[in-house]
Amino acid sequence: MKETVNANIGSVAFTLDQDAYRVLGSYFDDIRRRLPEGDAETMNDIESRVAEIFREKVASSMRVITLDVVRATMEQMGSPADFGEPRGAEQPGTEGGVPGEASGEPAPRKLYRSRTERSIAGICGGLGAYFDADPTLIRLLTLLLILFGGLSIWAYIILWIVIPEEPARKFNIHKNR
């Protein structure tokens with residue numbers, strides 16, 4: 001005798017045995033880690049497709065979705081690797097043909113103006129990312145240095161001109177195909 005779990009997949013209620021529920025949950029989690037953060041629409045589409053496949057494979061709503069049905073569905077849907085690399089697996093600037101990527105040595109760190117952590121030009125946000133520090137603390141330190149004569153506003157403007165803006169991140173869901 002196995003325990004069953006009621007689950008709502010793609011807005012359709014299903015009863016799954018506990019092993020099938022666990023495997024399907026880890027499959028969805030793996031796919032979710034590979035999609036861009038906040039991309040709920042694609043995940044909803046995937047769940048809806050899984051629900052359609054379950055309805056095709058299990059005719060009666062009273063039948064339980066077994067581990068075999070889940071595995072066949074996962075095979076039909078494809079591997080989570082088909083949805084791209086997991087978030088955080090790629091280092092910025094390590095896309096295709098970068099020296100050091102194949103040899104295992106770390107890619108050289110580069111200083112960029114931040115696109116996301118910016119108040120004026122992204123200088124403090126970029127310094128925060130480069131030194132792995134809180135950009136707010138760097139902003140406060142910069143403001144204090146400017147106000148009390150340790151740093152000229154011209155130095156900030158020169159950094160604005162000299163430091164390049166962080167490259168835009170590209171996402172391609174079909175990258176591995």
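Here are some numbered notes on this structure, meant to be read beside the model.

1. **Basis.** This is a predicted model, in which local features need pLDDT of at least 70 and side-chain atom pairs count only at pLDDT 80 or more, while totals for chains, interfaces and linings use all residues. Residues are numbered from 1 along each chain as its sequence is written, and side-chain values use heavy atoms, with hydrogens and water left out.

2. **Layout.** The protein has six helices and two strands. From the N terminus on, the order is β-β-α-α-α-α-α-α. Elements here are DSSP runs numbered from the N terminus, with helices being H or I of at least four residues and strands being E of at least two. Of the 177 residues, 27% count as buried; the term means under 20% relative accessible area, with exposed meaning over 50% and partly exposed in between (1.4 Å probe, protein chains only). Contact means heavy atoms within 4.5 Å. Among contacts between residues at least 6 apart in sequence, 56% join residues at least 24 apart.

3. A nonpolar core is a set of buried Ala, Val, Leu, Ile, Met, Phe, Trp, Tyr and Cys residues joined through side-chain atoms within 4.5 Å. The largest one has 24 residues, and those with the most contacts inside it are Ile9, Leu16, Leu24, Phe28, Phe54, Ile65 and Val70. Two or more residues each come from β1 (4–9), β2 (12–17), α1 (18–34), α2 (40–57) and α3 (67–77). Apart from this core lies another, of six residues, including Ala121, Ile123, Cys124 and Ile163.

4. **Leu16 as a place to look.** Leaving aside residues up to four places away in sequence, Leu16 touches Glu3, Thr4, Val5, Ala7, Ile9, Tyr21, Leu24, Val64, Ile65 and Val70.

5. **α1 against α3.** These two helices pack at an angle of about 20°, with their axes 8 Å apart. α1 is therefore roughly parallel to α3. Axes are lines fitted to C-alpha atoms, for helices over the stretch in contact, and angles run from 0 to 180 degrees between N-to-C directions. Angles under 35 degrees count as roughly parallel, over 145 as roughly antiparallel, 65 to 115 as roughly perpendicular and the rest as oblique. α1 passes α3 in a right-handed crossing; the term applies if the near helix is turned clockwise from the far one by less than a right angle, and left-handed if anticlockwise. Asp19, Ala20, Val23, Leu24 and Tyr27 of α1 make the contact with Leu67, Val70, Met74 and Met77 of α3. By class, these residues are eight nonpolar, no polar and one charged. Ala, Val, Leu, Ile, Met, Phe, Trp, Tyr, Cys and Pro count as nonpolar, Asp, Glu, Lys and Arg as charged, and the others, Gly among them, as polar.

6. **α2 against α3.** The axes of α2 and α3 come within 10 Å and cross at roughly 130°, which means α2 is oblique to α3. This crossing is right-handed. From α2, Ile46, Arg49, Val50, Ile53, Phe54 and Lys57 meet Val69, Val70, Ala72, Thr73, Gln76 and Met77 of α3. The contact of α2 with α3 has eight nonpolar, two polar and two charged residues.

7. **Ile53.** Within helix α2, Ile53 counts as buried at 0% relative accessibility. Ile53 touches Thr73, Gln76 and Met77, not counting residues up to four places away in sequence.

8. **The β1–β2 loop.** Both Gly10 and Ser11 lie in the loop between β1 and β2. Gly10 touches Glu47 and Ser48, not counting residues up to four places away in sequence. Gly10 and Glu52 are 42 residues apart in sequence and 8.5 Å apart in space, C-alpha to C-alpha. Ser11 has a positive phi, near 65°, in a residue other than glycine, and Ser11 is exposed, with a relative accessible area of 72%.

9. In helix α4 (residues 123–131), Ile123, Cys124, Gly125, Gly126 and Gly128 are buried. Their cover includes α5 (135–147) and α6 (153–162). Asp132 lies in the loop between α4 and α5, and has a positive phi of about 55° although it is not a glycine. Asp132 is exposed, with a relative accessible area of 74%.
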